[in-house]
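We will start with the whole chain and then go stop by stop.

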Amino acid sequence: MTDLSLFFDPVDESIYEGINDRSALFFQLSVNNGRAEIPEGCKVAIVGLTEVRGVDQAGELSNAANEIRRKLYNLKKGSGPYEVFDLGNLRNGENYSETLQRISEVGRVLIESNILPVFIGGSHDLDFGQYQSYEGLEKLISVCVIDNTVDMSGDKELANEHRHIQNMVVHEPNYLFNLILLGYQSYLIDQSLLNTLEKLHFDNFRLGYIRSDMKEIEPIVREADMLSFDLKSIKSADFPGAKNPQPFGLTGEEACQICWYAGLNEKLSSAGFYGYDPEEDDSNKKSAMVTAVMIWYFIEGVINRKEEQNFRNNDYLKFVVALGSDPEQMVFYKSKFTDRWWMEIPLTDPDDELNKWDIGIDKTCVIPCSYKDYEQAGQGEVPDRWIAAVNKRL
């Protein structure tokens, strides 16, 4: 398989040399101990990041990946079998731009090899390198960013940590179909930025929306090709290890639930967990543990994927709901195995390439939805998710 040794430093032996419990997750993984040659059958690759030149205050962000590993390796193995390789820490370039290029090159190689990269450590602005991994794939993608704010400043004088979302939006060539901002807090965001996101038909969901019904987050996350998780979106009581932690935010349990949903998403092909600063953490490294458990749930989700993509077979129940207006009817699908829901939306062009699932059924495409959308249609109302999806294609 692909040998990426030139890009990576081996995993420090001190991280795992004291682990003796054979039920520990470490013994289910393969690690770069001097040669970063990805083994056959690998499905997930852990990529440590140490770049800090994109932030105002670096703290100990460069040590984050190793601190997360210390906790992750000691967790118990889950359902398995594990096909995970820890590539070690990516060597930084001579300058910041070169590091981003290395992230994108490694990400592209892994994604093209059907290996899901999990980026850990470093600052949130490094997700721009993760995003650039998709540039040569000739497809439009949806990006789910979990953050308590939106780093979308147009001021080029500011550090990249304040501008990386803006960099995605304006990047050429443009292959961003949808940006999903999840878990933001209104008092931390300029309303004009939210207005801009709405004008671009991007989706944004407040922290309160997550709290109202966690199950409604699943179809939102299921839409994403790429997950970018800013760990400072977790409340400070559960996650002190971040610059400027906030008293309100996601709980550790909610963060793990989102990671489980993301792992189950067959469409998602990369994930990044950014912003952990060991310098800000407590003496027990609580935040490193929270991050490790999040990654554990994410990997468990990947292991339990069902590859649900063919809506023509007998694994799905099809429901047709008459509305008597525009549209006259709506079509829903429910998996018999996972109880997940999808709905058809019309294509303005039968050759439309924006089908997120690449599954054309007549002149429609199929997108994730929830049981509530089906209920709403049954009451004669067009779901907001259907309207938003159609507007994106106009």
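**Before you click**

This is a predicted model: local features need pLDDT of at least 70, side-chain atom pairs count only at pLDDT 80 or more, and totals for chains, interfaces and linings use all residues. Residues are numbered from 1 along each chain as its sequence is written, and side-chain values use heavy atoms, with hydrogens and water left out.

**Stop 1: the whole chain**

Show the protein chain as a cartoon. It has eleven helices and 15 strands. These are DSSP runs numbered from the N terminus, with at least four residues for helices (H or I) and at least two for strands (E).

Along the principal axes, the C-alpha atoms fill a box of roughly 65 × 45 × 40 Å. The radius of gyration is 21 Å, which agrees with the value near 21 Å for a compact globule of 394 residues. That radius is taken over C-alpha atoms, and the globule rule is 2.2 Å times the number of residues to the power 0.38.

Of the 394 residues, 57% count as buried. Buried means under 20% relative accessible area, exposed means over 50%, and partly exposed is in between (1.4 Å probe, protein chains only).

Contact means heavy atoms within 4.5 Å.

**Stop 2: strand 4**

Select residues 84-90, which form strand 4. Is this strand enclosed or open? Seven of its seven residues are buried, so strand 4 is largely enclosed by the rest of the structure.

Two strands pair if DSSP finds at least two bridges between them.

- Strand 1 (residues 8-9) runs antiparallel to strand 4, over two bridges. D9 stands opposite N89.
- Strand 2 (residues 30-31) runs parallel to strand 4, with two bridges. S30 has F85 as its bridge partner.
- Strand 3 (residues 44-48) is also parallel to strand 4, with four bridges. Here G48 is the bridge partner of N89.

**Stop 3: K76**

Step back to K76, in the loop between helix 1 (64-72) and strand 4. K76 is partly exposed, at 46% relative accessibility. Leaving aside neighbours within four places in sequence, K76 contacts D21, S23, L25 and W296.

**Stop 4: C144**

Select C144 in strand 6 (residues 141-146). At 0% relative accessibility, C144 counts as buried. What does C144 touch, beyond residues up to four places away in sequence? The neighbours are I180, L182, A224, M226, L227 and S228. D225 is 81 residues from C144 in sequence, with the C-alpha atoms 7.8 Å apart.

**Stop 5: strand 13**

Select residues 341-346. Five of the six residues of strand 13 are buried, so the strand is largely enclosed by the rest of the structure.

Show strand 12 (residues 329-335), which pairs with strand 13 in the antiparallel sense over three bridges. Then show strand 15 (residues 364-369), which is antiparallel to strand 13 and joined to it by six bridges. Centre on M343. F332 stands opposite M343, and in strand 15 the bridge partner of M343 is I367.

Strand 12 and strand 13 form a hairpin with five residues between them. Click D339 in that turn: its phi is positive, about 65°. D339 is partly exposed, with a relative accessible area of 49%.

**Stop 6**

Most residues other than glycine have a negative phi, and most peptide bonds are trans. Two further places depart from that pattern.

- N114 has a positive phi of about 60° although it is not a glycine. N114 sits in the loop between helix 2 (96-112) and strand 5 (116-120). At 69% relative accessibility, N114 counts as exposed.
- The peptide bond from E172 to P173 is cis, with omega near 0°. Look for P173 in the loop between helix 4 (164-170) and strand 7 (176-184).
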